[in-house]
Amino acid sequence: MNAAALLGRLKPAKRERSGPGLLARLRRRKAGGDSDDAPRARKERRPLSPLAKRLLGAYAALALALGGLGGWLAMNGEHTTEAWRAAIPRVEVAVKGAQAPAPSAPPPAAAAAVPVQPAPPTAAPAMAPPPAAVAPPPPPLAVAVNEPVTLTPAPVPGLVEDSRNGPLPRIAEDGRKPWQVYARPFPAADRRPRIAIVLAEMGISGVTTGNALQKLPPTITLAFVPYADRLDNWVERARGKGHEVMLSIPMEPQDYPRNDPGPNALLSMLPPERNMERLEWSLGKAVGYVGITSTTGSKFTTNPDAVNPVIAAMKARGLMVLDARANPRSVAGTLAGQAGVPRAFADRVIDRDLSRGAIDDQLAELEAIAKANGAAVGIGAPYPSTIERINLWLTGLADRGIAIVPVSAVANMQKQ
């Protein structure tokens with residue numbers, strides 16, 4: 001076949017595809033009639049197989065379930081969160097010094113929805129609380145300072161004699177002496193350095209005296225003036241609290257009479273018998289004291305002729321003497337030692353300067369003296385600042401190996 005004949009055959013076919021024949025086929029397909037693609041369309045619209053139907057149903061059910069779950073979560077999200085938190089096991093650990101929080105009960109709805117299982121003991125054991133701290137036994141000094149001690153009630157039969165000035169101390173027929181019987185007990189076997197603190201001029205002010213009795217530990221010795229109002233009552237109260245007691249006898253100061261030491265003061269210008277009358281007037285005002293001292297006799301105690309009769313009276317009555325050293329040239333302590341009278345010396349006036357630092361310095365010096373000599377005595381007055389510093393000082397005295405003692409416990413221990 002030649003090329004012209006072949007071209008002639010092809011041209012009508014081309015016209016059919018692009019001409020009216022193609023348009024006619026498109027119209028028939030749109031109208032649903034037969035076409036060359038009809039068998040393919042019928043093939044695509046054939047019924048679904050049973051497996052496909054089951055898969056399609058499963059997909060639809062899954063979609064519905066997911067939609068329902070989302071809605072339920074939206075409505076019950078808060079309860080679900082609480083149940084989720086409650087389902088997490090918790091372990092509370094006790095922390096030393098902290099207070100354990102009160103356990104909170106789970107919400108009823110959450111407890112009903114999700115039961116909470118307690119954590120097994122081996123999963124995370126709670127820390128056991130630390131054992132209670134056991135307080136160490138108090139040192140011997142703490143007991144000596146604060147332990148209540150019952151002193152021998154006064155007056156003791158056989159240790160007192162009646163006089164026109166009142167009951168006077170005396171040595172008993174069996175040899176017992178008032179300074180020993182009325183003393184606050186202290187163990188002689190205690191070999192620590194000793195410090196005695198004596199607060200004099202007690203009884204001049206009722207408020208000051210009451211404050212001292214309330215705040216001072218009973219190992220502090222108290223020296224009362226004999227002319228104080230209700231002296232017997234003050235002395236009884238002091239001894240009832242365990243304080244050892246002395247009398248602070250008024251004696252002549254350097255600037256007498258401009259400086260008056262009080263009624264019936266001992267004066268160097270008076271004859272010995274007059275001074276003995278005045279001394280007995282003071283001694284008869286109370287009972288239960290261990291001896292005498294004086295913070296005013298800066299002139300009287302420097303005169304041996306005036307002091308010797310007083311020392312002799314103390315020896316006869318079984319009392320001790322505390323030389324307050326109102327004057328550094330005082331001979332009272334020296335003469336007492338020579339006469340065989342129990343005696344002690346004031347090494348420091350602790351509150352000559354009432355500032356806290358100055359009082360602390362004097363107390364520290366007493367410690368140094370006690371460590372060097374075995375005993376020391378400090379004397380002061382019942383000022384509030386003095387009482388405050390004494391109490392603070394006593395809190396650490398045990399750690400420094402020093403005993404706080406009544407003044408009778410240092411009798412004859414100090415070097416001249």
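**Figure 1. Helices α13 and α14 are oblique to each other.** In this predicted model, the axes of α13 (residues 356-373) and α14 (residues 384-394) come within 10 Å and cross at roughly 45°. The crossing of α13 past α14 is right-handed. On the α13 side, the contact involves Arg-356, Ile-359, Asp-360, Leu-363 and Glu-367. Their partners in α14 are Ser-385, Thr-386, Glu-388, Arg-389, Ile-390 and Trp-393. Charged residues number five in this contact, alongside four nonpolar and two polar ones.

**Figure 2. Helices α8 and α9 cross at roughly 15°.** Helix α8 spans residues 206-215 and helix α9 residues 231-240, and their axes come within 11 Å. The crossing angle makes α8 roughly parallel to α9, and the crossing is left-handed. Helix α8 contributes Gly-206, Thr-209, Gly-210 and Leu-213 to the contact, while α9 contributes Trp-234, Arg-237 and Ala-238. By class, three of these residues are nonpolar, three are polar and one is charged.

**Figure 3. The largest pocket holds about 630 Å³ of space.** The lining of this pocket comprises 26 residues, of which Glu-201, Thr-295, Thr-296, Ala-381 and Tyr-383 are the closest to its centre. Two elements, β3 (194-202) and β10 (375-380), each give two or more residues to the lining. The lining has 13 nonpolar residues, together with seven polar and six charged residues.

Methods. Residues numbered from 1 in each chain as written. Predicted model: local features only at pLDDT ≥ 70, side-chain atom pairs only at ≥ 80, totals over all residues. Heavy atoms only, no water. Axes fitted to C-alpha atoms, helices over the stretch in contact; angles between N-to-C directions. Helix = DSSP H or I, 4+ residues; strand = E, 2+ residues; numbered from the N terminus. Parallel < 35°, antiparallel > 145°, perpendicular 65-115°, else oblique. Left-handed = near helix turned anticlockwise from the far one by under 90°. Contact = heavy atoms within 4.5 Å. Nonpolar A, V, L, I, M, F, W, Y, C, P; charged D, E, K, R; others polar. 1 Å grid on protein atoms, 1.4 Å probe; cavity = no way out; pocket = protein on both sides within 12 Å on 5 of 7 lines; lining within 4 Å. Points joined across faces, edges and corners; volume = space filled by probe spheres on them.
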